[in-house]
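My notes follow in the order in which I looked.

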Amino acid sequence: MKNNDVLESSILAAPEKLPLVAAETVKSWGRTLVIAPHADDESLGCGGAIALLRKFDCEAIILVLSDGTLSHPNSKKFPAAALRDLREKEILAALEILGVAAAEKTTFLRYRDRSVPNENSPEFADAVGICSRYLEKNQPATILLPWRRDPHPDHFASNQIIRAAKSQTGLTAKLLEYPIWLWELATGADAPQTNEARGWRLNIGSVARQKQRAIAAHQSQTTDLIDDDPEAFRLTPEILANFAGGWEIYLEEIDE
């Protein structure tokens, strides 16, 4: 975690000291929707929660917003359409490891990577409409989504879309936010503060190995599977270490 100095005044100053809640907590979540800006965010941020939901026979559904095609923008072996297809196969494999009948439970919106519409985009209203209809159809009781200021444009845009769609539908689902890029890229303005949320750790010890296997299923992001783009993105061991523990962090609004 490279941003301890940035996070030191926030909820995440000492993540290992946040309250630890039992794995069985997920039983109260009901049908749970996981919002993944990219294929791999579901495993990194929520892989343990997904595995626990399935362990306790609770339903998990997944909505993937972007096509993930900018992780290897210069690859000749995997041009955009092929890379999109590969990343979608990888998330389906990861979800199967976590216990989800992935093909039935996963929806892909395929917004261009790094161009998921945010509230200042002309496409935002249309994206909210699409997600509103999705929420109305699926009626989740709990939604796991990226932290509202997680420092990646697709992450905060995903949060904005889902919040607007939830408001539009009047859905009463609980929102639980998870951090991904806060650990590596946060500035002071990104960090969650005690006046806006409370943080806690979900004990995922019993499914931690499952989570790591799911992360590893995203081979295009964790290995040299695609080896013809010197500017490619890769989840380094240092980044992956942020998601290797026996717990996951969730942030819950104080007024919920």
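I began with the cavity lining, where strand E3 (60–66) and helix H3 (80–97) each supply at least two residues; helices (H or I, at least four residues) and strands (E, at least two) are DSSP runs numbered from the N terminus. The model is predicted, so I note that local features need pLDDT of at least 70 and side-chain atom pairs pLDDT 80 or more, while totals for chains, interfaces and linings use all residues. Residues are numbered from 1 along each chain as its sequence is written, and side-chain values use heavy atoms, without hydrogens and water.

I took a cavity as a set of points on a 1 Å grid over the protein atoms alone where a 1.4 Å probe fits but cannot get out, with lining residues having an atom within 4 Å of a point. H3 gives the most to its lining, with three residues, and the lining includes Val-64, Arg-84 and Phe-108.

I then turned to strand E2 (residues 32–36), which is largely enclosed by the rest of the structure because five of its five residues are buried, that is, under 20% relative accessible area with a 1.4 Å probe, protein chains only. Thr-32, Val-34 and Ala-36 cover one side, and Leu-33 and Ile-35 the other.

E2 pairs with E3 in the parallel sense over five bridges, where pairing needs at least two DSSP bridges. I also recorded that E2 and strand E5 (residues 142–146) pair in the parallel sense over three bridges.

Definitions and conventions: On a 1 Å grid over the protein atoms alone, a cavity is a set of points where a 1.4 Å probe fits but cannot get out, and a pocket is an open set with protein on both sides within 12 Å along at least five of seven lines; lining residues have an atom within 4 Å of a point. Buried means under 20% relative accessible area, exposed over 50%, partly exposed in between (1.4 Å probe, protein chains only).
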